[in-house]
Amino acid sequence: MRLANFKLVIESAQIANRYPNIIITNADALRMGTTNIAAEVSILVVSFTLLGSYILYSFWNSNRKSGRNHMLRERWNKEITTSKPEIILGVQTHRNMILGASFLATAMVTSAIWFVNLIMDPNGLQYLDQLAASSALTAVNDQDQPIFASQDKLYACMIIAFLAFFFMAQNIRLMVHAGYYIRAICLYDNPEAKQIHEMYFQDVTELTLRAFSFFMAGLRVFYILIPVLLWVFGPIYLLVVSVVLTGLLIYSDMYSIPSFSFVHKNTSDVEQGERKDEHA
């Protein structure tokens, strides 16, 4: 404690020599450190609350039974299992989903291994701590080291990357199962196929919906990795990236994809126009 107080006095003297018109006491130095701790914790809470709340809301809104995505996925599953020509579309969609999820899973597990390598490099950790300490609003201890060490932040990044990989792996697993199920229950206008379709159609629908849910969860968790990784360089980067990323997600979810009611309305207008043309 005496050494820490002595160091604060030395730092205060250095600041006083640089700025002679400003008097900084030991209590002022302690107050500045406490302010930085409060500021970084506040930024941490605000950033993760903002981004996490929207991610949870969008995940719930997309997967609820009355939601647009849920209804469209059920409709798609019904179409590809009741129409023989549509089975090719189903196979292509499953293949594209598995390919995309495999690519993302590979990127996530590679990122996790890269974080492990960084954690095991003491020189790299020391350099990252210096970068974080030089950033504004970074809470530091009496040794001028970040209270939230870079090693702990990289541990969080590693856990997030592995969690996202797990979700993507589950998506791949379920989509592989769904591919066999869909081909087996296709309705080809014979009594046996109709009986199998009635028995297992709901199971296939639930399997497909769960696969899509795991894909969405893995992608959303991967989004969280971006601000957490930039937090290594300072809390300001965490706050800015969280706000920007939340805005981009809101735009991509609510404005870049047309609503189903809009598409349905346009389809009805086209059908009414075709009927008028026929009557004419």
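## Exercises on a predicted model

In this predicted model, pLDDT stays under 50 over residues 262–280, and that stretch has one contact beyond four places in sequence.

**Exercise 1. Confidence**

Find the mean pLDDT of the protein chain, then examine residues 1–33.

*Solution.* 
- Step 1. The chain has a mean pLDDT of 75. Of its residues, 71% reach 70 or more.
- Step 2. Over residues 1–33, pLDDT stays under 50. The model has 18 contacts beyond four places in sequence for this stretch.

**Exercise 2. Two helices**

Describe how helix α5 and helix α6 are arranged, and list the residues that meet.

*Solution.* 
- Step 1. Locate the helices. Helix α5 covers residues 122–134 and helix α6 covers residues 150–184.
- Step 2. Read the geometry. The two axes come within 9 Å and cross at roughly 105°.
- Step 3. Classify the angle. The range from 65 to 115 degrees counts as roughly perpendicular, so α5 and α6 are roughly perpendicular to each other.
- Step 4. List the residues. From α5 come L125, L128, D129 and A132. They meet S150, Q151, K153 and L154 of α6.
- Step 5. Sort them. The contact of α5 with α6 has four nonpolar, two polar and two charged residues.

**Exercise 3. Aromatic pairs**

*Solution.* 
- Step 1. Check accessibility. F166 has a relative accessible area of 42%, so it is partly exposed. F167 is at 18%; buried means under 20%, so F167 counts as buried.
- Step 2. Follow F167 to F214. These ring centres are 6.1 Å apart and the planes are at 35°, so this pair is tilted.
- Step 3. F167 sits in helix α6 and F214 in helix α7 (residues 191–230). They are 47 residues apart, and the pair links distant parts of the chain.
- Step 4. Check F214. With a relative accessible area of 25%, F214 is partly exposed.

**Exercise 4. A cluster**

Which residues form one aromatic cluster?

*Solution.* The cluster is made of Y54, Y57 and W60.

Conventions
Residues numbered from 1 in each chain as written. Predicted model: local features only at pLDDT ≥ 70, side-chain atom pairs only at ≥ 80, totals over all residues. Heavy atoms only, no water. pLDDT = per-residue confidence, 0-100. Contact = heavy atoms within 4.5 Å. Axes fitted to C-alpha atoms, helices over the stretch in contact; angles between N-to-C directions. Helix = DSSP H or I, 4+ residues; strand = E, 2+ residues; numbered from the N terminus. Parallel < 35°, antiparallel > 145°, perpendicular 65-115°, else oblique. Nonpolar A, V, L, I, M, F, W, Y, C, P; charged D, E, K, R; others polar. Buried < 20%, exposed > 50% of the residue type's maximum accessible area, 1.4 Å probe, protein only. Phe/Tyr/Trp six-rings, centres within 6.5 Å; stacked < 30°, edge-to-face > 60°.
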